[in-house]
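These entries record what I looked up in the structure, in the order in which I consulted it. The sequence and the coordinates are shown below.

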Amino acid sequence: MKKLLVILLLLLLSLPVLPALEDGSGLIGIPTANVIGNGLEVRILTSFATKSMVSYPADFDIVLGGCFNKNIELYLKTYTLKDYALDFKYLILKGEGKKPSFAAGIRNITYRKYISPVGGSEETAFPDDSDYVKVGGRPPEIGSIYGVISFKPHSLIEMSFGLGRGEFVGYGPHSHWFNTDMFFSTNHPWGTFGLFMGAKIELKPYLFLMADFDGRNANIGLRYDSPMFQANIAWERVEQTIGSSPTRIGVELSYKFSLAQQSRTVIFNVKDKETKKPLEANIIFPDNKIHPLMTDSTGKTSIALTPGKYNVNIVKDGYKTESLPFTLNKNGELSVPVSLNKVQNEVSNTTEVSNPKGIFRGMVINAQTANPVSAKIYIMELKDKPAILSDINTGDFMDTLPAGNFTVKVEADGYITQTFPCEIKNKGIFVKVIKIYQKLVENKKITLRGINFETAKATILPASYPMLDEAVQLLKVNPDVKVEIAGHTDSVGRASSNFRLSDARANAVRNYLVEHGIEPSRLIAKGYGETKPIATNATKEGRAKNRRIEFIIIK
């Protein structure tokens, strides 16, 4: 709360020099079929005439609002700090790629008959306001209903076209030709709608050139648009330069607050209960949605998780498996201490010394997804012993073996065969989490879960390194394949920003793989932004699924 108050105070202190748009997803004078993403905005605006006019003072406006439920955008606006209006927009259809998006809404819903850039008044002192007289006076504008489509004919260009009532209906000798009544009426009945249009061109990352016609005036401007800040400078009513009328300069600054749930760090610290010595143990999340972890020589490991309730199994050879629930709160990191008990006399004490035995148990999981795998486990030295089968639902297995040193072979359909040594001690237990790697075939797609980045950045969080190390191993055991590393985001934020972010994150993963021994010629990085969702973006769970890194096998 203190941080929010400081930001608001700084914005208010900056008011005399700041921008002239009224919502972060629109252009200069028109709305688009985009929403800002699940978040809030504080916007401060000012504009002034290019020629001195006493009746048109500089205006200072504040806008508060944002996007809720991914489709609804609301903004409360104060004009000159004395008049108020509300903007509402609903995203009906969100397009992908070159497919258009469609939205509808109402701008400047107000208790006053008119809302102009300087508050409630019928005239703004601009000479073209005399055009109202030609049509019998200015109709009441207690809200301007509209519909708009937006699409991208090119990856760097976005265009918008719409029809609207109220502020979008032109009265001048030229703007009248953009109204639906241009062929049959000159008095602008209630059925008349005005055409508005605009375009946004990306000049370089985060910097855009904008131009639009809002039904009455032409405007051009520049925008800097980062994930957290937006700044605009606009030259409005440009068409007035051909005469003696004043134009208007507007400037604006906004700060964005994301409503997306932030990850928190969980630190596991595993020790022997009696000796208090650190243990290298496996930490398994039973829901299979989170990649398993392994503590280091200090007994510690960490992972970034969203707040919520979790369960983990801590597995260590020679120790009793510990099941542990924990709750991760929204604030701060969480330390999870774990004490493991050694397994004693797992095999019956009646076991004869002449026939020593021990227990072999564990689970077989997919190394990338942590999903259980139904596998056949062979003890190579015991030729007559049938295969041990891991459970299809849990991946668990257990069997009694004679004491000794063995070679274990694990086979599963679609996976690379794996072997490892195993020592079974008399009356002891050998526990193993067996991670097996898929055979990579052309066009196969693998989602790498558990790879997390700093918010709005391409910096990989250290908790993601174990998952990336598994990806390195996967490529090493499939040495002949070439893969595309595909980056994807949810739809929070603007499409252009999401595209750049996904591409940067895909390249960050590629760089990690190269640094850990994978030949660069085997790796292609590509970002897709929000264009290829695998789940709905209307829920937190769906957005989490859409934020992902994929391997696509291309040969």
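**Entry 1. A bridge partner in E26**

Which residue in E26 is the bridge partner of glycine 362? I looked it up and found lysine 432. I note at the outset that the model is a predicted one.

I then examined the pairing around this bridge. Strand E20, residues 357-366, pairs with E26 in the parallel sense. I counted eight bridges between E20 and E26.

The two strands belong to an open sheet of three, ordered E23-E20-E26. Its pairing is mixed. Strand E23 (396-402) and strand E26 (429-436) are at the edges, and each has a single partner strand, so one side of each has no neighbour in the sheet. From one strand to the next, the twist averages 25 degrees.

For my own reference, strands of a sheet pair through backbone hydrogen bonds, in either a parallel or an antiparallel manner.

**Entry 2**

E21 pairs with strand E22 (residues 388-389) in the antiparallel sense, over two bridges. Within E22, leucine 389 is the bridge partner of lysine 376.

E21 is also joined to strand E24 (residues 404-411), by four bridges, and the two run antiparallel. Here I recorded lysine 409 of E24 as the bridge partner of tyrosine 378.

**Entry 2. Glutamate 202**

I located glutamate 202 in strand E8, which spans residues 194-204.

What does the side chain of glutamate 202 make a polar contact with? The partner is the side chain of arginine 500, at 2.7 Å. Setting aside residues up to four places away in sequence, glutamate 202 touches Leu156, Leu207, Phe208, Ser496 and Arg500.

**Entry 3. Lysine 526**

I found lysine 526 in strand E29, residues 523-527. With a relative accessible area of 39%, lysine 526 falls between the 20% and 50% limits and is therefore partly exposed.

Lysine 526 and alanine 486 are 40 residues apart along the chain, yet their C-alpha atoms are separated by 5.1 Å. Apart from neighbours within four places in sequence, lysine 526 is in contact with Glu484, Ile485, Ala486, Gly487, Asp503 and Ala506.

**Entry 4. The protein overall, and confidence**

The protein has 555 residues, of which 48% are buried. I recorded five helices and 30 strands. The protein exposes about 26500 Å², and carbon and sulfur atoms supply 58% of that area.

The average pLDDT is 80, and 80% of the residues score at least 70. Where is the pLDDT below 50? Residues 124-128 form one such stretch, with 17 contacts in the model beyond near neighbours in sequence. Residues 346-352 also have pLDDT below 50, and I noted 13 contacts for this stretch, again beyond near neighbours in sequence.

How values were computed: Residues are numbered from 1 along each chain as its sequence is written. Side-chain values use heavy atoms; hydrogens and water are left out. A polar contact is a pair of N or O atoms within 3.5 Å; within protein, one must be able to donate a hydrogen and the other to accept it, and residues adjacent in sequence count only if both atoms are side-chain atoms. Contact means heavy atoms within 4.5 Å. Two strands pair if DSSP finds at least two bridges between them. Axes are lines fitted to C-alpha atoms, for helices over the stretch in contact, and angles run from 0 to 180 degrees between N-to-C directions. Buried means under 20% relative accessible area, exposed over 50%, partly exposed in between (1.4 Å probe, protein chains only). pLDDT is the predictor's confidence in each residue, from 0 to 100. Accessible areas come from the Shrake-Rupley method with a 1.4 Å probe; for residues, only the protein chains shown count as cover.
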